Every structure is written in C-alpha cells, then in structure tokens.
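Please open the model in a viewer and keep the selection tool at hand. The stops below are meant to be followed in order.

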Amino acid sequence: MKTSSPQQPVLYVIDEDFVVPDRGDKQDGPESSVPAGDPDEAVRLFHHYRRLTAQILDHEEVLPEPASEEDLAEAEEEMGVALPPDLRALYGIADGDGDLVNPLFDRKSWLPLAEIGDLDDEWLDIAQEWEHEPWRQTVFDTQPPNAVRRSPLREGWIRFAFDTGGNWLAVDMDPGPEGRPGQVIAVGVDYTEGPVYLADSVTTFLRRLVEALERGDYRHRDKNLWIDADLRPAPRVYREYSDDCPTRAGARQAGPHVQKVRVVEVEDCAFLDAVPEVRSLALSSKGSPDLTPLGGRPVEYLELDVETADLTAPARNRELRSVSVTCAQPVELAPLRAVPHLWALDIAAAPVTDIATVAELQGLQYLEVTQAQWRELSELDDLPSLALVGIHPDRPERDGSLPTDWDIVDDEPPSPA
C-alpha cells in the first residue's frame, strides 16, 4: 500500500464507482410538460433577427445548409432526448451557424447536430475529482427558484451553443417543478455550483435579441456586433454572504436569496433569520453560540468551528447532507441519527463522546477521522458500507483549517494495529 508523509492525510477510495449524490435527482419534475416555445414564432424571429443584423453589418453572413428530418431524428435517437419544437424548427433553417464572425446566440456558436451529442465533459470530471473535496460542495438553486434541477449537468440538458471557454447554452428537457421543458440555461465550467436560468424557451431568447436590436442596444465595430440583451448569465446568481461578526442587518443587505454563507466571530445566530434560503453554511466562533436557528434553515452542507458543538438543533433540518465539525469540547453525534439524508461526516478535528454512533448512520458514504478515531471504529462490527474514508495522522489543531493535501489511495483503510 502507498505510504504518506507523517502529516499528510490519506483518502481511501473504497468504492471506485461511487459518485457524489446528485441533488437534482431528488427534485420533482415540472408541473407543466408543455414547452413554452412556439416553433412558428421562433422561425419568424430568427429571420427578423437575421434581417436586422444584416442591416447593421451592411451584409448578410451565410449559414450552413439546413438539417434534414433524418438528421434530426438520428440526433434525437442518439441523445435519447427530443429537441424542443422551437429549436428543432431552427435546425430546419440551418444546421448550426458554421463559422460566422458573429455567432447567432449572443456571441455563442450554434452547434451543428453532429456535435451536440458528442461533447467533452472533462471540466466536470475535474470538478468532481476527490482532491477537490466534492463532499464540501453544494449545487445551488437558480432564479426563479425550482425552475432548474440542482445538478452540474444532466442528460436532459441539450447543449446547443458554445462560448469556446467551457460554457454552453442548453435547452432543459428535464426541468424542475417550476420550470418548463425547452427553457434555456447556462451550464459549464463556470457553473459547477449551479446552472443559471436565462429564458423560458429559445423563442423568448430570440425575442430578447430582436428587441435589443430594435432598441439600439448594441455595439458595432468593424465586422463585429455585440448585442446588449441582458442574456449573459452571472455565475454567482445564487448570491453569497461573508462577514465578520454577522448581524441581521448585514445579512439582510445581502438579500433574501442568499444560499451560501461563510461567517466568522459569530456571537449570535439570529442573523440566519435574514437568509432563509441558505444551503451551504460555514460558521466559526471562538465561543459557543446558540445553534437553534440552524434547525429552521434548509442547510445541506454545514461546517462548524466552535468551542462547543451541540448538534441537536442542526439535526432537526431534514435537508442536511454533509457535516464538518471542529470543536474544542467533546461533541455528541447521537442527534445525527435523525438526519435522513446524511452521507458525509468530518469529525477529524473534534473529540467525540459517542464514536460508536457512526455505526448507526447507515446512509453514510464518506467519513473523515483521525487515526485514533479510526482505530476505535474498526473495532465495531457493523460500520456502514463506506465509499470513502479520509484519515488524518493526528487530530488537527483547532486553527480553522485542516491539512487536505490528500494522498489518494484506491484501497481499504488499514485495520487497527
């Protein structure tokens, strides 16, 4: 077995086929299965859009030949997903935009059918590599809420336009409960923390481009045209709040849609009243603040660095999925038995009074402990079937950080000496 330096933690990958649970898989489908787009209107808007750009550029760029019905049927069969009618109608005009100087979809190249089902997803593989600690990551909700499933990528997201930098426009044929099939979203390397909703359809997307041109909201220089149609997504649409000594007033200024919170020197958790949608919470305090407000928040990743950690209130949150605890005083894990979806637990920087409780967390897939804690656990007969175990040589100092330059090993963790 591979050895590591005395201070380097080792991550044992027991189940090589394990993947981080996809939050989007647990969301309901849309209330309406009818696409919002209109193929006839999309074709009309497309031609009007082309006429307007030709007038501005003083020439019309040539498009490729249209895709045939056989091409469309073959592409849909290969993808296993049907195109929304409005985008399908556009492929009946041209099979992508070829090598246009000004790509049609807000300066993103419209892909030919032959390419939309065969895309490189190395960006996602890299983001989910174990050394990047995906168990500490959360995929956030976009606006409007619940329109798009909270996944980094799904088979029902048909990517049809590319920005050449690792990001795509996609039509979402697998939307969330408040979404519509065929809605346009942004996905890719800049959106691993959550896709971004752009429009309810390709039809609406085109309409916004046309309206911007008609308003004169564009810039034209030489042969290049930039349209200011307010369609460029903001990667951090989910909003983040970071603060020292957080207060209700400070959190309220960040806005009600905050989903990621990282705060230090916390004295009072009442500030959480102003961030009702927080899903990722990292809370640090030199004392022992009352954690009762955590029980009413939909927190999925919780990172605590406190003097004393009482997990009773956080465990009332049925959305909790990943917990990391750093504390000076002994912590009791028993409350976590009531958490139905907990799959990741980090207790390497915490003294634990009831380490045997880990054996009762049957949904647990990831566990981070010290060598001493692992020795205690190894003596139990009924540990959960863990997929990954991270083991630190010694209990880390309580300095707010852990050594996580992982030595990754495809092997079972060692038995106690």
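Select Arg221 and then Asn224 in strand E8, which is the bridge partner of Arg221. Strands E7 (residues 218-221) and E8 (residues 224-227) run antiparallel and are joined by four bridges; two strands count as paired if DSSP finds at least two bridges between them. Helices (H or I, at least four residues) and strands (E, at least two) are DSSP runs, numbered from the N terminus. E7 and E8 form a hairpin with two residues between them, and in the turn Asp222 has a positive phi of about 55°.

The model is predicted: local features need pLDDT of at least 70 and side-chain atom pairs count only at pLDDT 80 or more, while totals for chains, interfaces and linings use all residues. Residues are numbered from 1 along each chain as its sequence is written, and side-chain values use heavy atoms, with hydrogens and water left out.

**Helix H6**

Next, select residues 202-215, which form helix H6. The expected span of a helix is 1.5 Å times one less than its number of residues. For the 14 residues of H6 this gives 20 Å, and the end C-alpha atoms are 20 Å apart, so the two values agree. Colour by accessibility, where buried means under 20% relative accessible area, exposed over 50%, and partly exposed in between (1.4 Å probe, protein chains only). The buried residues of H6 include Val202, Phe205, Leu206, Leu209 and Leu213. Gly216 follows H6 and has a positive phi, near 85°.

**The five-stranded sheet**

Which order do the strands of the open sheet have? The order is E2-E3-E4-E5-E6, with antiparallel pairing. Strands E2 (109-110) and E6 (196-199) stand at the edges with a single partner strand each, so one side of each is left without a neighbour in the sheet. Inspect E4 together with strand E5 (residues 183-188): six bridges pair them in the antiparallel sense. Ala170 stands opposite Ile185 in E5.

**Aromatic pairs and charges over rings**

Now display the aromatic side chains. Rings of Phe, Tyr and Trp (its six-membered ring) pair if their centres lie within 6.5 Å; planes under 30 degrees apart count as stacked, over 60 as edge-to-face and the rest as tilted. The structure holds 13 aromatic pairs. Phe105 and Trp110 form an edge-to-face pair, because their ring centres are 5.7 Å apart and their planes stand at 80°. Both Phe105 and Trp110 are buried. Trp123 and Trp168 make a tilted pair, at 6.0 Å centre to centre and 40° between the planes. Trp123 belongs to helix H5 (residues 122-127) and Trp168 to strand E4 (residues 167-172), so this pair ties together parts that are 45 residues apart in sequence. Trp123 counts as buried at 11% relative accessibility, and Trp168 counts as buried at 6%.

A charge sits over a ring if NZ of Lys or CZ of Arg is within 6 Å of the ring centre and within 35 degrees of the ring normal. Arg107 has its charged end over the ring of Trp226, 4.8 Å from the centre. Then select Phe18, Trp130, Trp135, Trp343, Tyr366 and Trp406, a cluster linked by ring pairs.

**Nonpolar cores**

A nonpolar core is a set of buried Ala, Val, Leu, Ile, Met, Phe, Trp, Tyr and Cys residues joined through side-chain atoms within 4.5 Å. The largest has 59 residues, and those with the most contacts inside it are Tyr91, Phe105, Trp110, Phe160 and Leu206. Centre on Tyr91: leaving aside neighbours within four places in sequence, its contacts (heavy atoms within 4.5 Å) include Pro66, Leu83, Trp110, Ile116 and Phe160. A second, separate core of 51 residues includes Tyr241, Val275, Leu304 and Val331.

**Backbone exceptions**

Most residues other than glycine have a negative phi, and most peptide bonds are trans. Select Gln143 and Pro144, which are joined by a cis peptide bond with omega of about 5°. Pro144 is placed in the loop between H5 and strand E3 (157-162).

Is Asp58 buried or exposed? Asp58 counts as exposed, at 69% relative accessibility; its phi is positive, about 65°. Asp58 is found in the loop between helix H1 (39-57) and helix H2 (69-79). Asp106, in the loop between helix H3 (85-91) and E2, also has a positive phi, near 55°. Asp106 is buried, with a relative accessible area of 3%.
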